[in-house]
Every structure is written in structure tokens, then in C-alpha cells.
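Please keep the sequence and the model in view while reading.

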Amino acid sequence: MKSTRLEPLARGAWAMARIGAAGTLSARAVLLGRALYYLLVMTTLGKFWNAVAAEHAADALPLPSGIVLYVGIAEWITLSVPAIHLRLEDDIRSGAIEAHLLRPMPYLVGKICETLGGMAVRLGVLGLGGAGALLLSDLPAPAAAWPPVVALALLGGCVHVMLVAIAGLSTFWVRRSLAAYLIMQKLIFLLGGLFAPVTLYPAWLARIAAFSPFAASLYWPAVIALEHDAATVLTAFAAVLTWLALLALLCGAIWRAGMRRLLTQGI
Amino acid sequence: MSAVITVRNLGKQYRYAKSGRRLRDLLTPQHATIDALSGVSFDIAGGERVALIGPNGAGKSTALKILTGILQPSGGDARVLGLVPWRDRMQLTRRIGVVFGQRSQLWTELPVRESFALLRRIYDQDAAVFAARLDRLIGRFDLAPLLAQPVNRLSLGQRMRCEIVASLLHGPAVLFLDEPTIGLDITAKAAIRELINAQAQSEGLTVVLTSHDTRDIELVCERVIVVNAGRIVVDQPTDELRRRFLSRKLITIRSAAPAIVLDLPGVTRRPGEPHLSLLDVDTRIARVAQVVAAALAQGGIEDITIEDPPMEEVIHEIYAA
């Protein structure tokens, strides 16, 4: 069968994802440290939310039951996303990007696939750690929620990667991505609902947050652990997929603008 | 042989903001432009091995970047294998190989073998064709003992051999080498030059090389394009270049006496060891035969070598001119 133009690209992208996965797996100590950190964070946050509930703060703040599970999933995704902004920044600032541009694989596609490969490994390892901790705890673990949660966590992780990649691409103009990354990170934490569901925010802010790209990264995958009726699951998939597509287009547009700059002005 | 690279009136200007200390300079910076390349034209035929040289900031890297498609010129035209590099970069990448001496194209944490396998997938190479080519290159570049090692464990010389092989795995027609021997020791440099030569000759590869090491130019390239201040100042075969720019010969005489005494116009003595006289002969004033005859007349001559001065001096004279 005659291969289409996309087939070689898909094979190359798959190979890059495998490289990302292999690289993450080979750094076993780092992976184990991250998993331990995840369990430590979850233990601390679990105790915090239990203390809040015990102090009857729920009267003032209507806490959903299973909020620890929500936070656990949001943290799971956050800790699984590799720092793609640093890789982009390194390549662009050092000029190493030039060597990558001389391959028949679009640089950004390759870098994102490599990052997603690493993210998949982290999601797997941290997910196993989290699942083990969940089994040992007395938290509710609704079986019906897990398939959509896992699928949405993968997609939400992709959204997260795109958001961080946008921060990394700012290097084309500002030479350092830290400022853009910090802004993006804080927006993801706050509007994405890292520490609590965005529905706990004031109504106007909750509406804005829920349908922002940041919530597509964390809130929608995590909230399914609390509400997994068909309507909520469908809304979650629609929000995450829509933002994933829009952010992919935005990343592409920023990349093209950056490349125009690089091609005319050099490194 | 027809040209695989054609460059016509190529120009590149860089624009930069002039820094100032006033707030107004920050808000509305003044811009200045510099000409990195100006009116550069040349052809390179298939199978030719050409050195693109010049002092720092001369424009050679700019030219190389334009020819590989990672920089767009401000004016003029360039074709590599019939493609406009900056417009058809993706297509061109499948037909050229590029090695940057100071940058790695391999994945540093991966074993060499895996980097090569990844490149096969990126270049979408047929497995059998790729395996045969890789086998040949492994043999020629003696990479078998290195394949299982992570790239970041290799010495610079070993890594450079791997980099060159990586750039040849997809069977390019043109190989661009940017400072391929930078930082290598003498043995590694010699090996790299020999391998590039052997590969170029056996595969009919066109080679465009930039280097500050004149031995790279002498031993690899048959033609030299000298760029200075963005313009081509010399474009000649390597041998002719040497002859054109040097009206000098270097005569080395080994003698039984600690030194030979020659008082001829146009002959100057360079510092040397006892029993070894190094004579610089200006052939416009003194003939080589005349100098040799005068030396032989003194007796006790054990050996005489007549050479062109090193390429480094040729380049130095060109830059000085």
C-alpha cells in the first residue's frame, strides 16, 4: 500500500514518544523520588482536608465528599508533566534547535511527542503509587469513574503540556521562559483547580475557571472522580478535547511566528 | 559535472537594536543593520569538496545556514539540489547531511545504536537499505565498539565519528560540515579528515566545509572560497590558491654543520634547531635552484626538502591583503 505523507510523520512521532518514555524510565531514581514526593504531598493534603472537615468548616464552605481524591488526581497530572518549557528554552537559546531543524520531522511535534512519552511513563508510575495508597486508605474509590478519569488525565496532561509549551515558546522573543512559565503555572494552579475544585470559587469566577484551558488540564479530569454521571463525563471530554485542539492550533501559530523570527534574524 | 549548489548575489542583513541609557531608547530603540553577506555568488559541482573559510564574523556560518535552510537571506537566490533551502527545508533535509562541530544531533542519554535507529524512523528509511548502509558506515568509521555506549560517555573524537555517520545514514548527496574537527586532538583530526575523504570519494559526495583549521582545508578540500566582511575575496582550487598568493618556498636543509651560511638576496632564515636550517625563499628575487645550488656548494648537506609554506600562512596573507 502506498504510504501517505502523514504515515512517516506518525512513525517518527511515535519513535520520539518512545524515546521520551525510555529516557524517563531510565532515570529510575528521579522517577522514584517523584513518586515518593507525590505520596508525601497527598498525605499532607489529605490530612489538611480532613482537618478542615473536622473543624466543621464545611458549614461555611460546601466541601464535596472525596475532595482528597480530587486533589490526588489533580496532583497526579501536575507532577506527571515534564518541563517542556525548559527543553524548548535550552534549544532555542543555545541554538541547538538548528540541528533539530535539519531533520525531516517538525521540531515542535517531535519535542511534544517526546514530552508526552515521558508524561505517559510518569502517569503510569505515579498512578500505580496513588492507586496503591488509595487501596490502603479508607477513601471511596468508585470503580465506574476510573476509565474516564484515566482517559481524561491523559488528555488533561496533553493540555497541560501545550500550556507549558506555549510558555517555552516565549523564548523566541524574551530569551527566558521563566516569567511566562510562572504566570502559566499560577493560572493552572488557581483557575485549573489544583488544590480544590473550581466550583468552590465565587460563582462568577467558577464559571470563568471551569471553561478556561486551565480547568481542561486539571479540574475536568479530577472532578469525574466526584461526579461521574454521563452528562458531566461528556462535558468534561468536550471541554478537554476542545481546548486541546485550540491549544494545539495556538502552539502551531506561535511556533510559526517564532520560526519566522528565527529564519530572518537567526539565533 | 552540473552544479548541485548555485548561489547568486546572496545577501543577508541583520538588524539589531542599539542600546542606549535613556528611557526613550528603551521605549523606541534605534535600529542598525549589518551586512553579514553581500553579493555572494558561486556554484558547486556534484562531488566537489569545497572549503568555505574566513575570519570570525566573515559570514561563512551565515552562508552555511542559508544553504541548509535555517536562515533566510535578505536578497539573492540559492539552490541546493534544485531546492530553495529556506522554502523547501523539509524536502531538503532528506537529501543533505549536516554536522555541527559544536552541537550534537544525537540524543546524548541514548546509546549510539538507538540514536541511529531513531534517525531511521525520522528519515523513514527502508529497514534493509538502512541496515546495509549502517553496516558499511560502521565498518568504515570503526564504530562497532561504540554502538552500545551512551553518546554522553564518548570522547569528542568518538562522538564526532558518530555525528558524521548519523549525518550520512539517510544517504545524502551533499554533506555540510561546520568545524568538524574543532576541539579534537591531532590523531582524531587526522582520522576524521581521512574518513570524510574516503566517504566523499567512494560515494561521490559533495562536501561543503567550514573550518579554522587549515589542515582540514588542505587535506579535505580541492577548492577554497574565502569570505571576508560578507564578500567572497577568493574562490580558487586549493593548489592554485597557494601558488597565487605565495611567491615563497620553504626550504629545509639538514646539514652536518650546525648551520649553513647563505647570504643571498630574497632568502631569510627562520629560527630552527641546530643542523636544521629553515629558509624562506622569495621566488621573485631568488630562484629555488639557485638557493639549493648555493647550499650544496657548502658541502655536508644530508637532506633537502622544498615545500610550499603552510596553508595557514596562505590564509593569513589573504586576510592581510
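Along its sequence, chain A follows the pattern α-α-α-α-α-α-α-α-α-α-α-α-α, which comes to 13 helices and zero strands; helices (H or I, at least four residues) and strands (E, at least two) are DSSP runs, numbered from the N terminus. The radius of gyration of chain A, taken over C-alpha atoms, is 20 Å, close to the 18 Å that the globule rule (2.2 Å times the number of residues to the power 0.38) gives for 267 residues, so chain A is as compact as a globular protein of that length.

This is a predicted model, in which local features need pLDDT of at least 70 and side-chain atom pairs count only at pLDDT 80 or more, while totals for chains, interfaces and linings use all residues. Residues are numbered from 1 along each chain as its sequence is written, and chains are lettered from A and ligands numbered from 1 in the order in which they are written.

Taken along the principal axes, the C-alpha atoms of chain A fill a box of roughly 60 × 40 × 40 Å. Of its 267 residues, 41% count as buried, that is, with 20 or more other C-beta atoms within 10 Å of their own; 12 or fewer make a residue exposed, values in between make it partly exposed, and C-beta atoms are placed from the backbone. Among contacts in chain A (C-beta atoms within 7 Å) between residues at least 6 apart in sequence, 80% join residues at least 24 apart.

The contact between the chains takes 19 residues from chain A and 23 from chain B. On the side of chain B, α2 (60–68), α3 (89–93), β5 (96–100) and α4 (112–122) each supply at least two residues.

A nonpolar core is a set of buried Ala, Val, Leu, Ile, Met, Phe, Trp, Tyr and Cys residues joined through C-beta atoms within 7 Å. In the largest one, of 144 residues, Ile73(A), Val161(A), Ala165(A), Ala215(A) and Leu52(B) touch the most other members. Helix α7 (residues 146–169) of chain A gives the largest share of this core, 14 residues. Domain 1 (3–243) and domain 2 (247–320) of chain B, with bounds from an automatic or database domain assignment, both give residues to this core, so it lies between them.

Two residues of chain B remain to be considered. Asn9(B), in strand β1 (residues 3–18), has a positive phi of about 50° although it is not a glycine. Leu81(B), in the loop between β4 (75–80) and α3, likewise has a positive phi, near 55°.

Technical notes. Contact = placed C-beta atoms within 7 Å.
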